[in-house]
Structures are given as C-alpha cells and as structure tokens.
Amino acid sequence: MTGIGLRIKELRQERDLTMEMLVADMNAKYKFEKPLNKSMVSRWENGDNEPSLENAKYLSMYFDVSLDYLIGNSEVRTPSRLLAFAKKVADYQKKGEENDD
C-alpha cells in the first residue's frame, strides 16, 4: 500500500511542480486556515507528518484524485474517470444493440 506522502510526491512530480510551485498555486486557489508552506509539503512527502483532513481534501481536489487514492486505499485515481469509462462502455454496448436491430 502506498502512503499519502509518496502519493503527494508522485502527483506533484507528474505535473513537474516544485514544492514552492505547489504551495503557491494551492494557496492562491484555496482558503486555508493556515497557508501551506514548503516545509509542510516536505514533511508530508518524507513521511515525517501527514496533512490534516482539510489539507488532504484540498490536495485531492487540486490533483483531481479521490481521497482514497491520495491516502493509498485505492488504485483508482478519480471517480470521474471511472464514470467516464463506464459511460464509454455503456455507449459502446448501446451502439452494438442498435446494430443488432
């Protein structure tokens, strides 16, 4: 099982973001009780600390992943992607049924 710190680091690096860039972007987008800083992100990524529930919620929104994915309980990144895939399957099946007529 992958921990939250590793997931944060992977998601940040996938987007070619430095810790400073992540902090600046998230602080601009969301209203935190206590603004994020590089030290916080570093401690999360190194496993020295974990984000609060509020910060985890905003991280999942920022990276467009489910909280379950972020904390390592699931390998499915986002429910929206899963729903989009299910819609494609349903559309494909519907087209197949129409061609049977």
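**Salt bridges, aromatic pairs and the nonpolar core**

A salt bridge (a side-chain nitrogen of Lys or Arg within 4 Å of a carboxyl oxygen of Asp or Glu) joins Glu-14 to Arg-77, with 2.6 Å between the closest N and O atoms. Glu-14 belongs to helix H1 and Arg-77 to the loop between H5 and helix H6 (79–100), so the pair ties together parts that are 63 residues apart in sequence. Helices are DSSP runs (H or I, at least four residues), numbered from the N terminus. The model is predicted: local features need pLDDT of at least 70, side-chain atom pairs count only at pLDDT 80 or more, and totals for chains, interfaces and linings use all residues. Residues are numbered from 1 along each chain as its sequence is written, and side-chain values use heavy atoms, with hydrogens and water left out.

Accessibility was classed as buried (under 20% relative accessible area), exposed (over 50%) or partly exposed (in between), with a 1.4 Å probe and protein chains only. Glu-14 is partly exposed at 44%, and Arg-77 is partly exposed at 23%. Together with Arg-15, Glu-14 and Arg-77 are linked in a network of salt bridges.

The count of salt bridges comes to six. In one of these, Glu-45 pairs with Arg-12, the closest N and O atoms being 2.7 Å apart. Glu-45 lies in helix H3 and Arg-12 in helix H1, so this pair ties together parts that are 33 residues apart in sequence. Glu-45 is buried, at 10% relative accessibility, and Arg-12 is buried at 8%. A further salt bridge joins Asp-91 and Lys-87 (3.0 Å, N to O). Both residues lie in helix H6, four residues apart, about one turn of the helix. Asp-91 is partly exposed at 33%, whereas Lys-87 is exposed at 51%.

Four aromatic pairs are present. Rings of Phe, Tyr and Trp (its six-membered ring) pair if their centres lie within 6.5 Å; planes under 30 degrees apart count as stacked, over 60 as edge-to-face and the rest as tilted. Tyr-30 and Phe-32 form an edge-to-face pair, at 6.3 Å centre to centre and 75 degrees between the planes. The rings of Tyr-30 and Tyr-58 have centres 4.8 Å apart and planes at 35 degrees, so this pair is tilted. It links distant parts of the chain, with Tyr-30 in the loop between H2 and H3 and Tyr-58 in helix H4, 28 residues apart. Tyr-30 is buried at 12%, and Tyr-58 is buried at 14%.

The largest nonpolar core has 22 residues, and those with the most contacts inside it are Met-26 and Leu-70. Such a core is a set of buried Ala, Val, Leu, Ile, Met, Phe, Trp, Tyr and Cys residues joined through side-chain atoms within 4.5 Å. H1, H2, H3, H4 and helix H5 (67–71) each give two or more residues to this core, and the largest share, five residues, comes from H4.

In helix H2 (residues 19–29), the residues Met-19, Leu-22, Val-23 and Met-26 are buried. They cover an arc of only 95 degrees around the axis, which puts them on the same side of H2; the arc is that of the directions from the helix axis to the C-beta atoms. The buried residues of H2 pack against helix H1 (4–14), helix H3 (38–45) and H4.

Notes:
Contact = heavy atoms within 4.5 Å.
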